[in-house]
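Here are some notes for you to read alongside the model. Please keep the structure open and find each residue as it comes up.

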Amino acid sequence: MKRFYCQCEQEIFINNAFCEKCGRDLIYDPQAQTMWSGVLTDKGFIAHSKDQTNHKIQMILHPCANRNSSVHCNWSVSCTNGCQCVSCKSTRTVPDQSLPKNPQRWLILERAKRQLFTTLLSLNLPIEDFHVKENGLAFDFLEDKRTNPNVSIEHVLTGHNNGVITINAAEADEGFLHTMKEEMGEPYRTILGHFRHEVGHYYWNIVIKDDYQLSQFRELFGDERADYTKALEHYYNQDKPKFKSSQFITPYASSHPHEDWAETWAHYLHIVDTLETAVSYGISAYEPKINDFDDWYSEWARVAQTMNALNRSMGLSDAYPFILTEIVRKKLQFVDYLIDGFAHKA
Ligand SMILES: [Zn+2]
Ligand SMILES: [Zn+2]
Ligand SMILES: [Zn+2]
């Protein structure tokens, strides 16, 4: 995550809709990947800035239609007729907004999704609109009977199917998330983590473009044609997952090659975003260079170690409770190679 400042020089955060110091309105421009301060008028958002020669410039952006909804989206859009931004319009189903907990859940889910999209856009990955493209990216935020006895679904399963990502809206509740963490034995479980994992399944079809890349995938992750249902049943029926920790980033990654890929993909996005934050705040002096996966990777190991040490000083559990082995490094390098190749050819 980059660091942003208002015209008054106050630091502003990516979800802010106005500056707490000077009161200027704020808008995030997902194309330029920057925040603008200015004033919201009937004609649009008027932002003031300076060009390279220090001349004042004025530009007009248009706010997302969800700016004044319960999700308080502060993103800009390219249309002028009150449409939704690239992130908001990817949401296909929201939980019943007349129920007390759901507006807050939706807000939390959309914030995490915008953070996901920020990284996807920075990597030049395509986000296909499900309204116009079959199997485009869509999100269903659903409830089940565990938290709402009035809905028909017994158990919402988080997952991906042909571009549609389903998330249990209750994962936005701290209590539910904590219970699930303990039940599933997952030291790291967040909504952002779910999004990053599920979107990995969506991109698998997009970034692997030929038989050669598919064979490289199979060499590293295994044959994804293995029976998925059986593999997952087997994984969940074990008392304790038996897996070679040197081969997988998480126990769940050992369940099936597709899950190994999605877990690795999620970690790649964790690293991209968190390393950018570390650089923005001066914790890392890392500067990206061409073909520098090894430098990137070793800098991440250093930053992750620092984050964990900082958390321990506060009596908190590790921020990055994972061990990066040589095999995991190779898998991450493969994700890096595919994303890089895709971004340059697109
Ligand atoms: Zn300000
Ligand atoms: Zn929006
Ligand atoms: Zn998965």
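**Notes on salt bridges, a zinc site and a surface patch**

1. Aspartate 223 and arginine 225 join their side chains in a salt bridge, with 2.8 Å from N to O. Aspartate 223 counts as partly exposed because its relative accessibility is 34%, while arginine 225, at 58%, is exposed. Keep in mind that this is a predicted model.

2. The structure holds 21 salt bridges. In one of them, arginine 196 pairs with aspartate 273, and the closest N and O atoms are 2.8 Å apart. Arginine 196 belongs to helix α3 (residues 191-207) and aspartate 273 to helix α6, so the pair ties together parts that are 77 residues apart in sequence. Both arginine 196 and aspartate 273 are buried.

3. Glutamate 326 and arginine 329 also form a salt bridge, at 3.3 Å between the closest N and O atoms. The two are three residues apart in helix α8 (residues 326-345), so about one helical turn separates them. Glutamate 326 is partly exposed at 45%, whereas arginine 329 counts as buried at 17%.

4. A network of salt bridges links Lys101, Arg105, Glu143 and Asp173.

5. Which residues hold the zinc ion (ligand 2) as protein donors? They are Cys64, Cys73, Cys85 and Cys88, each through SG, at 2.2 to 2.3 Å. The site is tetrahedral, with angles of 106 to 115° among the four donor atoms. Cysteine 64 and cysteine 85 are both buried.

6. Phe13, Tyr281, Ile283 and Leu310 make a nonpolar surface patch of about 400 Å². Tyrosine 281 sits in the loop between α6 (257-280) and α7 (293-313), and counts as partly exposed at 39% relative accessibility.

Methods. Residues numbered from 1 in each chain as written. Chains lettered and ligands numbered in written order. Predicted model: local features only at pLDDT ≥ 70, side-chain atom pairs only at ≥ 80, totals over all residues. Heavy atoms only, no water. Donors = N, O, S within 2.8 Å, 3.2 Å for Na, K, Ca; no water. Tetrahedral: all angles 85-135°; square planar, octahedral: opposite > 155°, others 65-115°. Buried < 20%, exposed > 50% of the residue type's maximum accessible area, 1.4 Å probe, protein only. Patch = residues over 30% accessible without salt bridge, like charges linked within 9 Å, V, L, I, M, F, W, Y side chains within 5 Å. Areas by Shrake-Rupley, 256 points an atom, 1.4 Å probe, with all protein chains shown as cover. Salt bridge = Lys/Arg side-chain N within 4 Å of Asp/Glu carboxyl O. Helix = DSSP H or I, 4+ residues; strand = E, 2+ residues; numbered from the N terminus.
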